[in-house]
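Please open the model in your viewer and keep the sequence panel beside it. The stops below say what to select and what is there.

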Amino acid sequence: MFSAIVSALHLLALAIGLPAVYLRGRALKGRLDREGFQRLFAADSVWGVAAGLWLVTGLLRAFGGLEKGSAFYLGSRLFWLKMGLFLLVVALEIWPMITLMRWRVALRNGGTPDTSPARALYGITHAEMALVVLIVFVAAFMARGFGAH
Ligand code: HEM
């Protein structure tokens with residue numbers, strides 16, 4: 001039963017993560033007034049929750065003895081591809097994460113954040129969205145034994 005719950009949570013991360021990253025991109029492209037910032041930060045927070053959920057449930061599924069056992073995943077080229085792509089998303093996220101945190105702090109302190117990187121952050125957000133879609137395909141092939149040694 002635990003494995004079913006963890007599996008459902010792993011898929012729920014996708015259900016909330018993909019719309020969140022799309023909406024964060026839209027907010028970055030739109031006008032960044034008070035409501036614009038609110039939309040941006042709400043989407044950004046949900047995107048963060050999805051990332052955490054992916055990592056915790058993914059690690060449990062891979063190494064918590066819930067599915068096919070660690071040996072299956074460690075021996076799968078597609079598992080490593082999936083991890084590489086996930087790490088790429090995490091690496092791409094460093095700059096947006098720091099920048100949006102700075103914007104939050106600036107607004108909270110009554111200041112005006114420098115939003116000149118918004119366009120570049122939109123590009124990164126879009127790339128992250130494409131990577132998540134790619135990861136879903138890699139995951140589905142991995143789960144069916146493709147890429148096993
Ligand atoms: C962007 C991040 C991620 C996405 C979009 C994603 C997506 C998916 C999807 C759609 C499946 C179901 C595949 C299927 O049954 O057809 C799956 C399964 C799985 N994922 Fe992820 N995942 C992500 C991150 C992770 C991470 C970080 C880990 C491990 C550290 C992980 C480990 C697993 C494992 C072990 C399975 C079970 C495969 C099986 O049924 O044998 N995932 N993932």
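Select arginine 104 and aspartate 44: in this predicted model the two side chains form a salt bridge, with the closest N and O atoms 3.0 Å apart. The bridge links distant parts of the chain, since arginine 104 belongs to helix α4 and aspartate 44 to helix α2, 60 residues apart. Arginine 104 is partly exposed, at 22% relative accessibility. Aspartate 44 is buried, with a relative accessible area of 12%.

Arginine 24 counts as buried because its relative accessibility is 0%.

Glutamate 128 is in helix α5 (residues 118-143) and arginine 24 in helix α1, 104 residues apart. Glutamate 128 and arginine 24 are both buried.

To see the whole arrangement, which residues do the salt bridges with shared partners join into one network? Select Arg24, Asp44, Glu93, Arg104 and Glu128. The count of salt bridges in the model comes to six.

Next, the aromatic side chains. The model has eight aromatic pairs. Select phenylalanine 37 and phenylalanine 41: their ring centres are 5.7 Å apart and their planes at 20 degrees, so the pair is stacked. The two residues are four apart in helix α2 (residues 34-63), and therefore separated by about one helical turn. Both phenylalanine 37 and phenylalanine 41 are buried.

Phenylalanine 37 is in helix α2 and tryptophan 103 in helix α4 (residues 77-108), so the contact ties together parts that are 66 residues apart in sequence. The relative accessible area is 8% for phenylalanine 37 and 4% for tryptophan 103, and both residues are buried.

For another aromatic group, select Phe63, Phe72, Tyr73, Phe79 and Trp80, which form one cluster.

Finish on the surface. Select Arg26, Lys29, Arg39 and Arg119, which form a positive patch. Of these, arginine 26 sits in helix α1 (residues 2-29). Is arginine 26 buried or exposed? At 52% relative accessibility, arginine 26 counts as exposed.

Definitions and conventions: Residues are numbered from 1 along each chain as its sequence is written. This is a predicted model: local features need pLDDT of at least 70, side-chain atom pairs count only at pLDDT 80 or more; totals for chains, interfaces and linings use all residues. Side-chain values use heavy atoms; hydrogens and water are left out. Patches are made of residues with over 30% relative accessible area and no salt bridge: like charges are joined within 9 Å, nonpolar side chains (Val, Leu, Ile, Met, Phe, Trp, Tyr) within 5 Å. Accessible areas come from the Shrake-Rupley method with a 1.4 Å probe; for residues, only the protein chains shown count as cover. A salt bridge is a side-chain nitrogen of Lys or Arg within 4 Å of a carboxyl oxygen of Asp or Glu. Lys and Arg count as positive and Asp and Glu as negative; His and the chain ends are not counted. The place of a charge is taken as NZ of Lys, CZ of Arg, CG of Asp or CD of Glu. Buried means under 20% relative accessible area, exposed over 50%, partly exposed in between (1.4 Å probe, protein chains only). Rings of Phe, Tyr and Trp (its six-membered ring) pair if their centres lie within 6.5 Å; planes under 30 degrees apart count as stacked, over 60 as edge-to-face and the rest as tilted.
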